[in-house]
Amino acid sequence: MFRLRLEGKIALVTGAGSGLGRATALMFAEEGAKVVVADFNEANGAATAQSIIDNGGDALFVKCNVRIQEDIKALVKVAKEKYGRIDVLFNSAGVLVHKPFLEQTLDDFNFIIETNLRGYIWTMQEVLPIMVENGKGSVINVASISAYKPELNAYFYGSAKAGVAKLNMDVAKEFSPKGIRINGICPGPISTNMTPEAVRNNQEEQNKVKALLPVGRLGEPEDIAYLAVYLASDESSFMTGSNIVIDGGIFIS
């Protein structure tokens, strides 16, 4: 008899209303996890949770803006009250400002850092004590290939994601002896609503990006979700402090 890879686990997914977060929340549920779906967009987040429920899964939607610390505290409180614990945290809430360096503003900087880095920090600070109490857990933070590879027009984004990658290693050093693994996923070009509009709505520009990828295609959110399932499962019990590049080969191109 086959066992679902996340059977019995409680997973909290931020940014679960769209893109990587939605694909991962759905796949976590398919693999047997009960999923707390968090997103600032109520319609999108509720739709993700309802899709899980409609397919026989167990899900709870909580509206949360990770830029607001009280929202995160309320999210984790509700998750613990509902399910008793949190076994897996998947941080994927993210935003992108795509424009030349000299045009990027302080508001752009705050928007990026508060969402893509500080939100991850606050969420971990709320969830990790619960995992320590249980003696185990898996935290997966979405970084980016931008943390390692120069990219035009995504300056604050790349800096924030580099911070996430470093944070993964540092926090893993402290919490791995307590049974909690912290790992990062560093996606390359993925087809989501965060793909720059100039590429998303222009087939010629898409073809230019594809030409840079040895695999010959853009990534799909499900490509990331498959890796997230592995990191959330007990199969990856010997892995911590890693930032895994999954980019269709663009790093080596």
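A salt bridge is a side-chain nitrogen of Lys or Arg within 4 Å of a carboxyl oxygen of Asp or Glu. The model here is a predicted one. A search of the whole structure turns up 10 salt bridges. Side chains of opposite charge can pair when their charged atoms come close.

- Glu-235 sits in the loop between α8 (221–232) and β7, while Arg-5 sits in the segment before β1.
- Lys-9 and Asp-234 form another salt bridge, at 3.2 Å, N to O. Lys-9 lies in the segment before β1 and Asp-234 in the loop between α8 and β7, so this pair ties together parts that are 225 residues apart in sequence.
- Lys-9 is buried, with a relative accessible area of 14%. Asp-234 counts as exposed, because its 55% relative accessibility is over the 50% cut-off.

**Other salt bridges**

- Arg-85 and Asp-87 meet through their side chains at 3.0 Å, N to O. Arg-85 is partly exposed at 28%, whereas Asp-87 is buried at 7%.
- Arg-67, Glu-114 and Arg-118 are linked in a network of salt bridges.

**Helix α4**

- Helix α4 covers residues 106–134, which makes 29 residues. From its first C-alpha to its last, α4 reaches 40 Å, close to the expected 42 Å.
- α4 bends by about 40° at Arg-118. Arg-118 also belongs to the salt-bridge network with Arg-67 and Glu-114.
- Gly-135 follows α4 and has a positive phi, near 80°.

**Strand β4 and its partners**

- Strand β4 (residues 88–91) is covered on both faces. Val-88 and Phe-90 are buried on one side, and Leu-89 and Asn-91 are buried on the other.
- β4 runs parallel to strand β1 (residues 10–14), and 4 bridges join them. Val-13 has Phe-90 of β4 as its bridge partner.
- β4 also pairs with strand β5 (residues 137–142) in the parallel sense, over 4 bridges. Here Phe-90 stands opposite Ile-140 in β5.

**A nonpolar surface patch**

- Tyr-148, Val-245, Phe-251 and Ile-252 make a nonpolar surface patch of about 410 Å².
- Phe-251 is found in the segment after β7 (243–246). Phe-251 counts as partly exposed because its relative accessibility is 43%.

Definitions and conventions:
Residues are numbered from 1 along each chain as its sequence is written. This is a predicted model: local features need pLDDT of at least 70, side-chain atom pairs count only at pLDDT 80 or more; totals for chains, interfaces and linings use all residues. Side-chain values use heavy atoms; hydrogens and water are left out. Patches are made of residues with over 30% relative accessible area and no salt bridge: like charges are joined within 9 Å, nonpolar side chains (Val, Leu, Ile, Met, Phe, Trp, Tyr) within 5 Å. Accessible areas come from the Shrake-Rupley method with a 1.4 Å probe; for residues, only the protein chains shown count as cover. Helices (H or I, at least four residues) and strands (E, at least two) are DSSP runs, numbered from the N terminus. Buried means under 20% relative accessible area, exposed over 50%, partly exposed in between (1.4 Å probe, protein chains only). The expected span of a helix is 1.5 Å times one less than its number of residues. The bend at a residue is the angle between axes fitted to the seven residues ending there and the seven starting there. Two strands pair if DSSP finds at least two bridges between them.
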